[in-house]
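Let's take a walk through this model, starting with a loop and ending with a pair of helices.

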Amino acid sequence: MADSTIITGQYVQIDQTSASIGERIFARLIDFLILMIYVFAVAVVVSLTLEYVSRFFSNDLNDLLMLLILLPAFFYTLLWEVFNHGQTLGKKLLGIRVVMKDGSVPTLSAYLLRWLLMMADFYLFQFVGALSILLTKDRQRLGDLAAGTIVIKEKNYHKVFVTLDEFYYLSAGYRPGYHPVFPQAENLSLEQINLIAQTLFRYDAQRPQRIRELADRVCSFLKINPSFHDELLLQTLMRDFQYYALEEI
């Protein structure tokens with residue numbers, strides 16, 4: 001199993017597992033089947049209506065109409081990945097998606113480059129794409145290597161909807177000379193850190209109570225007895241978690 005650890009732009013650690021070659025091939029077969037169904041359906045509809053339509057259009061216009069109808073099939077992979085966050089229908093059914101190597105959403109140019117090189121990976125030179133997936137550390141085909149993307153398991157993809165300004169207090173976590181206050185913070189998981197962040201940045205009437213309850217739970221879990229107030233405790237734990245996450249890279 002190919003695993004990779006990245007740090008997001010918000011300095012949060014994410015562990016990712018690359019999709020297996022079997023999952024990628026099966027997803028492509030599903031996409032191919034969907035395309036065949038679409039093309040077959042279009043062919044049937046066109047054949048049934050061609051005689052009627054030809055009364056109003058020339059043969060050249062009929063050919064152009066057919067081309068326009070089939071054009072979505074040609075751009076199927078590109079369009080689905082761009083507008084469905086890195087997933088075609090096949091990838092969605094298999095629970096895998098395309099991301100950049102740093103865990104971020106691919107750019108349009110990255111999607112376009114991997115789509116263009118799909119011709120070389122699977123159509124012009126047979127098995128080149130499969131061989132590249134088997135031999136590379138992150139199971140990347142040529143298009144992925146050129147675009148800087150990887151295909152990962154959906155269950156390992158944690159999208160962190162937190163802006164940089166919400167992490168202003170984390171700056172100490174990567175400043176030279178910083179020393180963690182709580183070594184136990186290394187034992188926290190990404191999900192627990194996300195819960196702490198959501199609690200700190202949700203401002204409503206119940207915020208003080210939620211912070212107090214969460215701080216009590218964290219202290220019990222980590223077996224610590226801090227001498228400062230609950231909110232500062234949670235902020236400090238996040239700084240310390242970031243410190244240890246960056247130390248592992």
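Lysine 223 sits in the loop that links helix 10 (207–222) to helix 11 (230–247); helices here are DSSP runs of H or I with at least four residues, numbered from the N terminus. This is a predicted model, where local features need pLDDT of at least 70, side-chain atom pairs count only at pLDDT 80 or more, and totals for chains, interfaces and linings use all residues. Residues are numbered from 1 along each chain as its sequence is written, and side-chain values use heavy atoms, with hydrogens and water left out.

Lysine 223 isn't a glycine, yet its phi is positive, about 60°. Its relative accessible area is 70%, which means it counts as exposed (over 50%; buried is under 20%, partly exposed in between, with a 1.4 Å probe and protein chains only).

Histidine 85 is another non-glycine with a positive phi, about 55°. You'll find histidine 85 in the loop between helix 3 (76–83) and helix 4 (89–94), and at 48% relative accessibility it is partly exposed.

Now look at helix 3 itself. Its axis and that of helix 5 (residues 108–116) come within 10 Å and cross at roughly 155°, with axes fitted to C-alpha atoms over the stretch in contact and angles running from 0 to 180 degrees between N-to-C directions. The two helices are therefore roughly antiparallel (angles over 145 degrees). Where do they touch? Thr77, Leu78, Glu81 and Val82 of helix 3 meet Leu108, Tyr111, Leu112, Arg114 and Trp115 of helix 5, contact meaning heavy atoms within 4.5 Å.

Note on methods
Angles under 35 degrees count as roughly parallel, over 145 as roughly antiparallel, 65 to 115 as roughly perpendicular and the rest as oblique.
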